[in-house]
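User: I'd like to learn how to read a structure feature by feature. Could you walk me through this one?

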Amino acid sequence: MFDAIERVIAKEVHLTCPNFNKPFKTHADASDTPPGVVISQEGKLTAFFSCKLDKAQLNHTVMEKELLTIVETLEEFRDILLG
């Protein structure tokens with residue numbers, strides 16, 4: 001079952017190369033599951049990022065978790081986002 005789902009997702013998700021002349025958008029989601037961020041341009045996916053939270057970070061509010069994830073995403077994809 002997992003392999004079938006993985007094949008469907010692999011067919012549907014295509015990352016595009018970044019265009020440094022266009023703005024990027026980041027979309028963060030954080031809850032009790034590992035938080036994640038999607039970076040896109042003009043509605044097309046450019047990159048994904050996810051991170052683990054330590055015990056102290058798990059006690060943060062959802063907004064704090066999302067902000068933390070965005071900061072870590074900016075550090076990870078600095079070259080892409082800042083050119």
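Predicted model: local features only at pLDDT ≥ 70, side-chain atom pairs only at ≥ 80, totals over all residues.

User: Where in the chain do Phe49 and Phe77 sit?

Analyst: Phe49 belongs to strand β3 (residues 44-50), while Phe77 lies in the loop between α3 (62-76) and α4 (78-82). They are 28 residues apart, and the pair links distant parts of the chain. Both Phe49 and Phe77 are buried.

User: Now the sheet. In what order do the strands come?

Analyst: A general idea to begin with: strands of a sheet pair through backbone hydrogen bonds, either parallel or antiparallel. In this model, three strands make an open sheet ordered β1-β2-β3, with antiparallel pairing. β1 and β3 are at the edges with a single partner strand each, so one side of each has no neighbour in the sheet. On average, neighbouring strands are turned by 20° against each other, direction ignored.

User: How many bridges join β2 and β3?

Analyst: β2 and β3 pair over six bridges, with Ile39 opposite Ala47 in β3. These two strands form a hairpin with two residues between them, and Glu42 in the turn has a positive phi of about 50°. On the β1 side, five bridges join strand β1 (residues 25-29) to β2, and His27 stands opposite Val38 in β2. Strand β2 (residues 36-41) is mostly covered, with five of its six residues buried.

User: And helix α3: which of its residues are buried?

Analyst: The buried residues are Lys65, Thr69 and Thr73. Viewed down the axis of α3, they fall within an arc of 75°, so they line one face of the helix. On the other side of α3, Met63, Leu67 and Glu75 are exposed.

User: What do the buried residues of α3 pack against?

Analyst: They pack against β2, β3 and α2 (55-58).

Notes
Residues numbered from 1 in each chain as written. Heavy atoms only, no water. Helix = DSSP H or I, 4+ residues; strand = E, 2+ residues; numbered from the N terminus. Buried < 20%, exposed > 50% of the residue type's maximum accessible area, 1.4 Å probe, protein only. Pairing = 2+ DSSP bridges. Arc of directions from axis to C-beta. Contact = heavy atoms within 4.5 Å. Axes fitted to C-alpha atoms, helices over the stretch in contact; angles between N-to-C directions.
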